[in-house]
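Hi everyone, thanks for coming along. Please take a moment with the sequence and the structure on the screen before I start talking.

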Amino acid sequence: MSLKVAVQMDPIERINIEGDTTFLMMLSAQARGYELFVYTPDRLSLESGSVVARGRPCTVRPVKGDHVEFGPWEVRDLSQSDVVLLRQDPPFDLAYISTTHFLERIHPKTLVVNNPAEVRNAPEKLFVTGFPGVQPPTLITSDHEAIYEFRAHHGDIVLKPLYGGGGSGVARLMADDPNLDAMLDLHAMIGREPVIAQKFIPAVSKGDKRIILVDGEPVGAINRVPNPGQIRSNLRVGGRAEAVDLTERDRELCDVIGPELKARGLLFVGIDVIGDYLTEINVTSPTGAQQLKRFTGVDATELMWDRIVQLRG
């Protein structure tokens, strides 16, 4: 089966090809003979009921500094594609939400991965709260007094933006840290959204495990270790990836959330596990596939394409 694949992503010219999961998805698709068309979210339009994108056909290759070759610019009706990969990075703001409304018009006749309606309905740091017993103590609020009370009860906390990504804006605040007011003021200057306060998990010093699930099934994991003295282990902010096995607790967590991921059409998902706790369910543009392949030989993107072919019939 040959597929026409459109990829909605941040500018492909700027990516790090050695770590970018979307790039691996494209390499895997191209190796299967699939046709690639790439565009950025700002080039997506809804015109007289049709969902169209201004972009370019492309060929990709694993050559640093020369990793993409473009065809001429054109406007395509995305309903004529077989698959659209929804892969731009957060922040999960109204611009992002708007693209999900547009792409919902063509899904599932054109298979959008992940299902745009469910991406919209499953904000990564909110979605996880729907599974009791998997998270550390967590508060989501704009009420500063509630955050102070939460810290008084739990001691050291981690404060992070509700709709951020890639480790941006994440900070640890000790039980007696005088900077909590200043941090809350900074978050308020950025936007009106609530923030997340979460009990600090000391196990983060040993790493933040990224587990990749394809259609609700775990296919492998990597451990992301923060730099000394840091709590952010995201690869985009300097975390170091290392090989790791799935534990019995990891599999328990995947068993809890896997059926819901499958039911929602969240085909390619990355979850974050610290110690025994699930902290996030990443459904927008989860990373880690290149590192997983490097360490284990498991190519999660190949498994994704296998599943897509099955879904396409």
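This is a predicted model: local features need pLDDT of at least 70, side-chain atom pairs count only at pLDDT 80 or more; totals for chains, interfaces and linings use all residues.

I'll go through the helix packing, then the cavities, and finish with some backbone details.

Residues are numbered from 1 along each chain as its sequence is written, and side-chain values use heavy atoms, with hydrogens and water left out.

Let's begin with helices. Two packed helices are described by the angle between their axes and the distance between the axes. Helices here are DSSP runs (H or I, at least four residues), strands are runs of E with at least two, and both are numbered from the N terminus. The axes are lines fitted to C-alpha atoms, for helices over the stretch in contact, with angles from 0 to 180 degrees between N-to-C directions.

Look at helix 1, residues 21–31, and helix 8, residues 289–296: they pack at about 70 degrees, with axes 7 Å apart. Helix 1 and helix 8 are therefore roughly perpendicular to each other; angles under 35 degrees count as roughly parallel, over 145 as roughly antiparallel, 65 to 115 as roughly perpendicular and the rest as oblique. On the helix 1 side, Thr21, Phe23 and Leu24 meet Ala289, Gln290 and Lys293 of helix 8, where contact means heavy atoms within 4.5 Å.

Helix 1 also packs on helix 9, residues 300–312: their axes come within 9 Å and cross at roughly 55 degrees. That crossing is right-handed, meaning that the near helix is turned clockwise from the far one by less than a right angle, with anticlockwise being left-handed. Thr21, Leu24, Met25, Ser28 and Ala29 of helix 1 make the contact with Thr301, Glu302, Met304 and Trp305 of helix 9.

Over to helix 5 (residues 144–154) and helix 6 (residues 180–190), which pack at about 140 degrees with axes 11 Å apart. Helix 5 and helix 6 are therefore oblique to each other. His144, Ile147, Tyr148 and Arg151 in helix 5 meet Leu180, Asp181, Leu184 and Asp185 in helix 6.

Now, how many cavities of 30 Å³ or more does the structure hold? There are 2. On a 1 Å grid over the protein atoms alone, a cavity is a set of points where a 1.4 Å probe fits but cannot get out, and lining residues have an atom within 4 Å of a point. Grid points are joined across faces, edges and corners, and a volume is the space filled by probe spheres set on the points. The largest cavity holds about 70 Å³, and its lining includes Pro90, Phe92, Tyr163, Val283 and Thr284.

Finally, the backbone. Most residues other than glycine have a negative phi, and most peptide bonds are trans. Here, a cis bond joins His107 and Pro108, with omega about 5 degrees, and Pro108 sits in the loop between helix 2 and strand 8. The bond from Val113 to Asn114 is also cis, with omega near 5 degrees. Asn114 is in the loop between strand 8 and helix 3. As for Ser48, its phi is positive, near 50 degrees, and its place is the loop between strand 3 and strand 4.

Key. On a 1 Å grid over the protein atoms alone, a cavity is a set of points where a 1.4 Å probe fits but cannot get out, and a pocket is an open set with protein on both sides within 12 Å along at least five of seven lines; lining residues have an atom within 4 Å of a point.
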